[in-house]
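The structure comes up next, and the notes follow.

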Amino acid sequence: MNDLLLEATDISKAFGGLKALSNVNVSQRRGELLGMIGPNGSGKSTFVNVISGTLKPDSGEILLDGANIARRPQHVVARAGIARTFQAVKIFDKLTVLENVLAGALGHSSMGTKEVDEAREALARVGLTADLEQRAGALGLYDRRRLEFASRLISRPKLLMLDEPVGGLNPEEIRAMIGLIQSLREECGIFIIEHTMKVITSLADRVVVLVNGKKLVDDSPQTVLRHREVIDIYLGTGDA
Amino acid sequence: MRILVIAMVIATPLVAIFGLRNDFLVFIAGIALIHMLWASGLNLLYGFTGLIPLTYAGIAGISAYMTVHLVMRLGLSFWLALPIGSAAAALVGLLLSLPAIRLRGFYFALSGMVIQSAFTIAFVYFPAYTNGDTGIASVPRPTGFDGGAIPSPYMECVLALFVIAAVAGIGLTMRSRFGRTLITIREDEDLARALGINVTLNRTAAFIISSFIAGLGGGLYAHYIGFASPRAFDVLISLNLWLMVAMGGRGTLVGPLLGALLLAPLPYLLVQYTWVKDVIYGVAIVLVTLFLPQGIYGFVLKRKART
């Protein structure tokens, strides 16, 4: 068996004349937590959109567990085992907490009567103790994030892609979120886009840096953060 | 509690039938029941799936003409012709809507208007089949066990049974996995896709079921009023049915029944003042859109939830 969970080769995606991704190669080993950083507009979210099937790449191959998922319809990619969260939390605001988690299982093969138990377990997994019958839209941001996680975890994905999971959270919540993500590592592969370096340094085994749609570096967090160009990009070149 | 409300709404026309013993009112009660059937079917798409099908009357019309044709020209029993006509309606409606089913909200509604116009033109321009604008008169009433036409009050009871079956069927559907899938698509189709839901397939299934109900109503309508014409199945009728669902309360089982009960009798009660009907419909559309976006029953539910 291949020890690569995700293998994205030569991914390119352009929006009109703008090349959002140019020949990006990213692979993720099983059990590895992969981070992705880069300045605004560097193509990070586009990368997640392409991998998760929201956008179709112009060229390139994407293998999940050895199976090609590039250019497949999004629901097929989700069923193949890629779950994702969004920069702005995406849950069904008008549905209840329980309905939201159960919705995560609807597109996958039925679990029958076990489903509600599975939903409770997913909620327990993320530590959300909100009333099951409460409207999801009434929850605070941190609870909404955790509900988003639970609704993805119920389908037991192979790879969970998190797009800025701590955006808008306070320092205490960020600490708790790092702990939560750490605890999910045993369940599935995790891919994180983050601006908050603390999240990347405390979680990621390896970091990919995207700049202007191209891969700049791909190494351990310690090495990446000492990289000359990365420092220039994040702290300025000094001659600006 | 909900079942009680549904029973009361469906029973209203039946009370009129047996309590008033006035032929004209009995007829209006029958009309209201057929519209309850249509509105419930349309609600499956508009209320539960989030699509506004302005092709609904046209789809009903296909079944109406087909059923009439099978009964009057080929001598089939109405009860055999009706499911055939309804299945044909569901199929034709589906084929014509297939390109549109991927469109969202407003664009789906707009494409429906175009397809509905094509239906109407077809009804007018294939006179060999539809007798054109003149319509087909003397359509026989559905037959009973004795082979004769089912007489009124009983025919209206049969119509009520159709409504009960449709509402029960839709209620059960919405509790199923398929129904819950439709709700998630209505709430956020992008998120539904990201969660692994095949949006197009589920919508198409809802469309087929809903169109079949449209077809049942179409066949029943033509044989109940004894007449089939293009005007009975044009875009205004589609809009009226939409209004019934919107005004009664979309996404609930009671709402469409209530809307049909309130609006369907109007054209018959105001038959000498047709323009009044149009004004009432127009004002109703504005009022519902502005003040009751969830419809009458939706408003009641909201008030109840607050107390």
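## Two helices in chain B

Helix α12 (residues 254-263) of chain B packs against helix α15 (residues 295-306) of chain B at an angle of about 130°, with the axes 7 Å apart. That makes α12(B) oblique to α15(B), since angles under 35 degrees count as roughly parallel, over 145 as roughly antiparallel, 65 to 115 as roughly perpendicular and the rest as oblique. Helices here are DSSP runs (H or I, at least four residues), and axes are lines fitted to C-alpha atoms over the stretch in contact, with angles from 0 to 180 degrees between N-to-C directions.

This is a predicted model: local features need pLDDT of at least 70, side-chain atom pairs count only at pLDDT 80 or more, and totals for chains, interfaces and linings use all residues. Residues are numbered from 1 along each chain as its sequence is written, while chains are lettered from A and ligands numbered from 1 in the order written.

## Where chain A meets chain B

The contact (C-beta atoms, placed from the backbone, within 7 Å) takes 18 residues from chain A and 13 residues from chain B. On the chain A side, α2 (74-80) and α3 (97-106) each supply at least two residues, and α2(A) gives the largest share, four residues.

## An enclosed helix

Nine of the 10 residues of α3(A) are buried, so it is largely enclosed by the rest of the structure; buried means 20 or more other C-beta atoms within 10 Å of a residue's own. Among them are A:Val97, A:Glu99 and A:Leu106. The buried residues of α3(A) pack against α4 (115-125) and α5 (141-153) of chain A, together with α8 (177-187) of chain B.

Methods
Contact = placed C-beta atoms within 7 Å. Buried ≥ 20, exposed ≤ 12 C-beta atoms within 10 Å, placed from the backbone.
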